[in-house]
Amino acid sequence: LDVDEYDFVLSGETLGICVPPYKDKDGFLCVLPIADNELLCNAVRMGGLYPWEKAIAFTFDDGPGDYTDVILDCLEELDAKASFFVLGCHIEGNEAILERMVRLGCEVGCHGFDHKDMRKQSVTAVKEEIDKTSSLIYSACGEHPTLFRAPYGEFSASAKDTALHKIKWSVDTLDWKTQSKEAVKNAILSKAQSGDIVLLHDIFKTSVEGFCEAAKELSGRGYKLVTVTELLELRGKAPDETVYHKKA
């Protein structure tokens with residue numbers, strides 16, 4: 001077994017890192033234990049990620065659309081995941097895309113039915129939108145959504161009673177505004193850090209192309225691309241009724 005400094009080694013129920021001189025005089029690895037069985041089990045429950053690993057959650061709003069499958073192709077190639085906040089009006093005819101999202105371990109969240117500004121709607125209207133879209137999601141992929149992102153990220157008092165966890169973002173790529181593959185890619189690579197929730201839209205070809213290029217580069221840098229729920233669990237923040245958001 002060839003090892004370098006700080007290579008991870010799993011031995012029995014203990015995780016460690018190789019340290020100089022890497023092997024003793026009898027040829028056994030020199031391993032410094034850094035995790036016991038309990039930590040390893042916790043890591044498994046978090047989707048195979050260890051707490052010290054770098055992870056980013058990419059989120060896509062307004063789909064599914066013509067380019068969503070391109071994102072899924074990229075995620076499948078990288079063994080990665082993402083979260084998709086879908087519109088109810090775009091589900092019919094795209095059920096297979098939602099099925100594929102779930103099959104790849106991605107997360108399907110609710111984004112309302114037709115992108116109306118919920119600040120201008122009644123409590124009853126908002127509830128009907130969320131319930132209708134949630135039902136369509138379940139019919140398409142067999143899973144009930146647990147996350148909700150309001151159109152424009154504006155969570156008005158009208159949506160306060162939803163049982164879904166309200167999710168915003170920490171990095172806004174402004175992909176809808178720039179409509180530029182390079183601008184999207186650069187926004188991701190220059191702003192996104194471990195622990196971030198990144199906002200994109202899978203209805204723009206430039207957004208998808210920029211994401212795919214950035215995702216491959218981030219993966220090469222050792223980042224794990226995970227769902228929002230996985231990211232929060234990894235950071236010890238199981239979803240609750242909090243709106244997760246910080247300024248980029």
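Author: Contact here means heavy atoms within 4.5 Å. The model is predicted.

Reader: What covers the buried residues of α3?

Author: The cover includes α2 (68-78), β5, β6 (107-110) and α4 (123-141). Within α3 (residues 95-103), the buried residues are Ile97, Leu98, Arg100, Met101 and Val102. An α-helix has 3.6 residues a turn, so residues three or four places apart point the same way. Just after α3, Gly105 has a positive phi of about 85°.

Reader: Strand β5 is part of that cover. Is Ser83, in β5, buried or exposed?

Author: Buried means under 20% relative accessible area. Ser83 has 1%, so Ser83 is buried. Ser83 belongs to strand β5, residues 83-86.

Reader: Which side chain forms a polar contact with that of Ser83?

Author: The side chain of Glu107 does, at 2.8 Å. A polar atom of the Ser83 side chain also lies 3.0 Å from the backbone nitrogen of Val228. Leaving out residues up to four places away in sequence, Ser83 touches Phe58, Thr59, Phe60, Glu107, Thr227 and Val228.

Reader: Where do the nonpolar residues go?

Author: In soluble globular proteins, nonpolar side chains tend to be buried together. In this model the largest nonpolar core has 45 residues, and Phe58, Leu75, Phe84, Phe148, Ile188 and Phe211 have the most contacts inside it. Helix α7 (residues 205-220) gives the most to this core, with six residues. A second, separate core has 13 residues, among them Ala55, Ala57, Leu231 and Leu234.

Reader: What does Phe58 touch, not counting residues up to four places away in sequence?

Author: The partners of Phe58 are Ala82, Ser83, Ile188, Val198, Leu200, Phe211, Leu218, Leu225 and Val226.

Notes: Residues numbered from 1 in each chain as written. Predicted model: local features only at pLDDT ≥ 70, side-chain atom pairs only at ≥ 80, totals over all residues. Heavy atoms only, no water. Helix = DSSP H or I, 4+ residues; strand = E, 2+ residues; numbered from the N terminus. Buried < 20%, exposed > 50% of the residue type's maximum accessible area, 1.4 Å probe, protein only. Polar contact = N/O pair within 3.5 Å; in protein donor to acceptor, adjacent residues only side chain to side chain. Core = buried A, V, L, I, M, F, W, Y, C linked by side-chain atoms within 4.5 Å.
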